[in-house]
Amino acid sequence: MARRICAEAGFSQAKLAKVFGVSKSTVSKWKSEHGDFARAVTEGVDVFNCTKVEKSLLKRALGLRVTEKVFGRLDAGETESGEKIVSDELHLLKKVQRAYPPDTRACNLFLSRRDPERWPDKQQLEMTGSLNVTNKAAALSEFLDEIDGTTKGIEHGAQVEGQDVEAE
């Protein structure tokens with residue numbers, strides 16, 4: 001019963017205590033003494049919270065329109081010197097319609113969690129074929145030997161095509 005109440009209404013310990021006709025401390029005591037009761041309350045609250053978040057995420061993914069009410073203080077008149085008198089009470093000044101467009105990130109998150117096979121969160125890339133690393137390594141080794149052979153003489157001030165070359 002505690003799980004169902006918490007899952008459907010998101011009741012706090014104080015509200016749960018009222019439903020069972022006991023004090024809040026009694027509900028705390030039940031939770032500490034009875035693991036099944038504590039788990040039921042926790043699971044129920046989790047279900048309620050997740051349901052609220054799912055509904056909010058779905059609204060954000062689909063886009064929504066809301067009516068916001070704007071409140072303010074009204075002028076209550078003027079004094080003899082021309083100063084405005086403002087009432088202390090808040091009054092509804094106007095209603096404003098706001099549209100929030102669908103959010104693609106919210107769509108992606110919602111779909112990837114609801115149907116991960118159709119909407120995977122990650123892309124998988126598969127590469128086929130082979131790479132012959134040994135031939136590349138041998139060619140690189142030969143190339144380096146050639147470079148090393150042509151630069152060894154330069155480092156020691158050798159002659160290249162009849163010219164003196166100074167090592168830097």
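Helices H4 and H5 cross in a left-handed sense, that is, the near helix is turned anticlockwise from the far one by less than a right angle. The model is predicted, with local features requiring pLDDT of at least 70 and side-chain atom pairs pLDDT 80 or more, while totals for chains, interfaces and linings use all residues. Residues are numbered from 1 along each chain as its sequence is written, and side-chain values use heavy atoms, without hydrogens and water.

H4 spans residues 35-62 and H5 residues 104-114; their axes come within 8 Å and cross at roughly 130°. Helices here are DSSP runs (H or I, at least four residues) numbered from the N terminus, and axes are lines fitted to C-alpha atoms over the stretch in contact, with angles from 0 to 180 degrees between N-to-C directions. H4 and H5 are therefore oblique to each other (under 35 degrees is roughly parallel, over 145 roughly antiparallel, 65 to 115 roughly perpendicular, the rest oblique). On H4 the contact (heavy atoms within 4.5 Å) involves Glu54, Leu57, Leu58, Arg60 and Ala61, and on H5 Ala106, Cys107, Leu109, Phe110 and Arg114.

The whole structure holds 3 aromatic pairs, with ring centres within 6.5 Å by definition. In one of them, Phe20 and Trp30 have centres 5.9 Å apart and planes at 70°, so the pair is edge-to-face (planes over 60 degrees apart; under 30 is stacked, the rest tilted). This pair joins helix H2 (residues 13-20) to helix H3 (residues 24-33), across 10 residues. Phe20 is partly exposed at 26% relative accessibility, and Trp30 is partly exposed at 26% (buried is under 20%, exposed over 50%, partly exposed in between, with a 1.4 Å probe and protein chains only). Ring pairs link Phe20, Trp30 and Phe37 into a cluster.

Note on methods: Phe/Tyr/Trp six-rings, centres within 6.5 Å; stacked < 30°, edge-to-face > 60°. Helix = DSSP H or I, 4+ residues; strand = E, 2+ residues; numbered from the N terminus.
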